[in-house]
Amino acid sequence: MKRFLSHVAWGLALLQTLAAATAVPHYLQHEPITRRDLSVLTVSKELGRLLSKSSIIFGPQDPRWEDAVERYQTFAIPDVEIVVQPAAESDIPTIVKYCNKNSIAFMVVNRGHALTKTVGTFKGVQIDMASLRGLTIQPNKKSALFQGGTYGGQVIDTLWDQGYVTTTGSCACVGLLGPGLGGGHGRLEGQYGLISDNFISLNVVLASGEAIKVNANSHADLFWAMKGAGHNFGIVTSFEMKIYPRLVDTWHYHNYVWSEDKLETVFEELNKLHNNGNTPVLMAVNFGEFGLDTKISTTKAVLSWSFGYAGPAADAEKLLEPFNKIGSISEESGDVPYPEIPSIQGTGLDSDACVPNRTYALSTAGIQVYNITAERQIYEAFNAKIAQYPDLVLGARVTHEGYSNKAVRSVDPALSAFPLRDDYHLLYLAAVIPTGLTNVAIEWAHEIRDLWNAGQPQRRPSTYVNYAFGDEPLDSIYGYEPWRLQRLRALKGKYDPHNRFGFYNSFV
């Protein structure tokens with residue numbers, strides 16, 4: 001009996017010792033232990049020794065912190081505790097496994113342009129892709145290998161200088177993959193499709209930390225999901241994508257500013273030009289805004305419109321002749337190399353559209369044909385806000401994106417998770433929220449979205465995932481066909497059963 005009691009006492013002492021330990025080896029754990037006492041020093045010691053030599057780990061006291069956690073949209077900010085900048089793609093599986101072992105949430109950030117407020121639910125380690133910006137044209141000259149940190153302006157400039165182009169988003173400051181994993185609209189979609197339509201192969205790190213190659217022959221089910229809902233499934237460390245020979249040396253642009261009395265005429269001509277999804281292929285894009293220009297008027301918004309044509313002035317101006325006949329307040333035009341077009345159209349690296357650290361109320365809609373009555377109502381609502389809340393309107397823009405989309409429409413919608421190939425125009429309100437006007441700004445955003453959607457009563461509301469604010473119905477983002485969300489959720493259960501990638505418009 002004494003021997004038995006001695007063994008019991010020894011066993012209890014051992015259990016107490018284990019329970020009192022600050023950390024239990026992972027191989028003895030049934031479930032990972034949450035590291036509530038996690039510090040930059042601890043992570044640097046434990047994780048840093050596992051990573052390649054040039055990788056960096058730092059916290060809020062580091063002078064690099066502000067740049068690393070800077071975001072475009074600050075309505076809901078991720079709670080980043082530690083930043084890890086991997087120097088090699090091979091570091092990322094190690095980081096993910098370390099985070100999993102210690103029950104630490106992780107989120108990948110490239111340029112920090114997520115608009116959705118759902119990222120505000122994150123707290124943990126930011127995996128920063130700033131050191132992974134390699135771009136290599138493949139020997140066949142038909143594709144290039146891009147690392148996960150590449151971004152629009154860099155890609156446009158680099159390829160153009162070597163005689164090529166590829167599909168990117170419209171803003172030069174935005175990452176290439178962020179838009180691409182959600183489909184990826186851009187200036188070249190009329191000729192070559194969405195960014196995701198041009199994916200050949202993706203090198204993906206799963207939630208488990210396993211690194212896999214994803215393409216039409218390897219994990220083809222995941223390849224389908226990554227092309228439209230990819231933010232929810234894995235970390236793309238690099239990817240191969242199609243590139244194309246540059247066919248012209250210059251693009252033509254023509255920018256107009258019109259007064260409000262021209263509104264109906266402008267939208268009538270836009271509807272004729274776009275012809276319900278049949279825009280001339282080389283009339284690549286037009287961006288239009290309702291906005292306040294105090295040099296012109298302090299009480300009424302103006303209509304600013306910019307057209308970009310993938311070719312010379314003579315060809316472009318034949319298509320723009322109806323717009324030239326509309327009397328403008330001002331206009332300018334010219335022919336420039338393609339890399340200069342983003343800045344001319346207000347989406348360059350130094351443009352207002354790329355200024356970070358602003359708090360926006362957002363709403364968006366996808367339509368096929370402009371409803372001119374709805375546009376007049378939205379315009380008048382904008383002017384009403386000028387009188388009621390001048391500080392709100394100064395930082396607001398009602399934007400209309402019209403793309404040539406022949407190549408987008410030519411792809412069977414069932415072949416990828418991107419469901420909205422019949423949205424011919426992307427519309428959104430972005431309003432910088434002054435102090436104390438959050439509810440007013442959000443109500444205004446919803447009002448404008450409702451007017452756009454009411455203007456096409458024969459269609460259900462749609463939401464481009466990359467423009468979502470995070471309060472829209474999931475089927476408006478991922479598709480109304482029941483099989484779409486069913487398939488995505490089944491794949492989620494297979495590839496990310498614990499929803500580790502659940503911070504960007506999650507459908508779980």
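Reply: Start with residue classes. Ala, Val, Leu, Ile, Met, Phe, Trp, Tyr, Cys and Pro count as nonpolar; Asp, Glu, Lys and Arg count as charged; the others, Gly among them, count as polar. With these classes, the lining of the second largest pocket divides into nine nonpolar, four polar and seven charged residues. Two notes on the source. This is a predicted model, where local features need pLDDT of at least 70 and side-chain atom pairs count only at pLDDT 80 or more, while totals for chains, interfaces and linings use all residues. Residues are numbered from 1 along each chain as its sequence is written, and side-chain values use heavy atoms, with hydrogens and water left out.

Me: What is the volume of the second largest pocket, and which residues are the closest to its centre?

Reply: A pocket is found on a 1 Å grid over the protein atoms alone, as an open set of points with protein on both sides within 12 Å along at least five of seven lines; a cavity is a set where a 1.4 Å probe fits but cannot get out; lining residues have an atom within 4 Å of a point. Points are joined across faces, edges and corners, and a volume is the space filled by probe spheres set on the points. Here the second largest pocket has a volume of about 360 Å³. It has 20 lining residues, and Asp67, Glu70, Asn110, Arg111 and Gly112 are the closest to its centre.

Me: Where does the second largest pocket lie?

Reply: Look at who supplies the lining. Domain 1 (40-128) and domain 3 (251-477) both contribute residues, so the second largest pocket lies between them. The domain bounds come from an automatic or database domain assignment.

Me: How many cavities of 30 Å³ or more does a search of the whole structure find?

Reply: Two. Helix 12 (372-388) and helix 15 (438-454) each supply at least two of the lining residues. Helices (H or I, at least four residues) and strands (E, at least two) are DSSP runs, numbered from the N terminus.

Me: And the second largest cavity: how many charged residues does its lining have?

Reply: None: the lining has seven nonpolar and three polar residues. Among them are Gly182, Phe418, Tyr464 and Ile477. The volume is about 30 Å³.

Me: Now the sheets. What is the order of the four strands in the open sheet?

Reply: Strands of a sheet pair through backbone hydrogen bonds, either parallel or antiparallel. Two strands pair if DSSP finds at least two bridges between them. In this open sheet of four strands the order is 1-2-4-3, with mixed pairing. Strand 1 (56-58) and strand 3 (106-109) each have a single partner strand, so one side of each is left without a neighbour in the sheet. Strand 2 (residues 79-85) and strand 4 (residues 123-128) run parallel, joined by five bridges. For one of the pairs, find aspartate 79: its bridge partner in strand 4 is lysine 123.

Me: How does the pairing run in the open sheet of seven strands, parallel or antiparallel?

Reply: Antiparallel, in the order 15-12-14-13-17-18-16. Strand 15 (330-336) and strand 16 (360-367) stand at the edges. Six bridges join strand 13 (residues 285-291) to strand 17 (residues 396-403).
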